[in-house]
Amino acid sequence: MCGLSKKKMPYLYLIDEAIGLLNNEIRLVEWRIKYPEQFKSHFNKQAFSPLYLADKTNLIDIMEIISGLFLSKRIVYKNGKPAFLSDLSKAFEWVFNIQLKDYHQKHEDVIKRKPGKITEFLNGLSDLIRNEHDKKGYR
């Protein structure tokens, strides 16, 4: 660099600025370590749901429920517009502590099932409700 001024070598000024930014970042990390309570992120903290799926439950079965609700347009936002498939899926992910991933592909997987299996899980739920109805003697 041989004694060249910052005017002659403008990138030296940028290097000085970058070093300053790095020093600030290092200081922030040190403060996070020294004062962790002050740097806790209070937003975007959502408690885990106490509910989990039983081991024998397939995620595609849950997607079958989500797809039915999505297509029914019975779940809406505050403004009355039907909920997006992704938002319904995220809600179920939170409720059951699961990860569905690629919601639209899984929705299509439900839709393109063979006719005899298209609503297999929902039919099973319907049968359970009917059996309970009969067992309790309702007419």
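Analyst: Contact here means heavy atoms within 4.5 Å. Met63 has such contacts, leaving aside neighbours within four places in sequence, with Leu85, Ser89, Leu100, Tyr103, Lys106, His107 and Val110. The model is predicted, so local features need pLDDT of at least 70 and side-chain atom pairs pLDDT 80 or more, while totals for chains, interfaces and linings use all residues. Numbering starts from 1 along each chain as its sequence is written, and side-chain values use heavy atoms, without hydrogens and water.

User: Why is the pair Glu64 and Arg113 called a salt bridge?

Analyst: The rule asks for a side-chain nitrogen of Lys or Arg within 4 Å of a carboxyl oxygen of Asp or Glu. For Glu64 and Arg113 the N to O distance is 2.5 Å, so the pair meets the rule. Glu64 lies in helix H2 (residues 59-72) and Arg113 in the loop between helix H4 (103-111) and helix H5 (120-135), so the bridge ties together parts 49 residues apart in sequence.

User: Are Glu64 and Arg113 buried or exposed?

Analyst: Buried means under 20% relative accessible area, exposed over 50%, partly exposed in between (1.4 Å probe, protein chains only). Glu64 has 1% and Arg113 has 18%. Both values fall under 20%, so both residues count as buried. Of the 139 residues in the protein chain, 15% count as buried.

User: Which residues does Glu64 touch?

Analyst: Not counting residues up to four places away in sequence, Glu64 touches Val110, Arg113, Ile118, Thr119, Glu120, Phe121 and Leu122.

User: How many salt bridges does the rule give, and which others are there?

Analyst: The count comes to five. Among them is Asp109 with Lys112, at 3.6 Å, N to O. Asp109 is partly exposed at 27%, whereas Lys112 is exposed at 60%. Another joins Lys136 to Glu132, with the closest N and O atoms 3.6 Å apart. Lys136 is exposed at 54%, and Glu132 is partly exposed at 34%. Salt bridges also link Glu132, Lys135 and Lys136 in a network.

User: What makes the relation of H3 to H4 parallel, perpendicular or oblique?

Analyst: The axes of H3 (residues 85-96) and H4 come within 10 Å and cross at roughly 95°. That makes H3 roughly perpendicular to H4. The cut-offs are under 35 degrees for roughly parallel, over 145 for roughly antiparallel, 65 to 115 for roughly perpendicular, and oblique for the rest. Axes are lines fitted to C-alpha atoms, for helices over the stretch in contact, with angles from 0 to 180 degrees between N-to-C directions.

User: Which residues meet between H3 and H4?

Analyst: Leu85, Ser86, Ser89, Lys90 and Glu93 of H3 meet Tyr103, His104 and His107 of H4. They divide into two nonpolar, four polar and two charged.

User: Which residues make up the largest nonpolar core?

Analyst: Eleven residues do: Ile62, Met63, Ile66, Ala83, Leu85, Leu88, Phe92, Ile98, Leu100, Tyr103 and Val110. A nonpolar core is a set of buried Ala, Val, Leu, Ile, Met, Phe, Trp, Tyr and Cys residues joined through side-chain atoms within 4.5 Å.

Technical notes: Helix = DSSP H or I, 4+ residues; strand = E, 2+ residues; numbered from the N terminus. Nonpolar A, V, L, I, M, F, W, Y, C, P; charged D, E, K, R; others polar.
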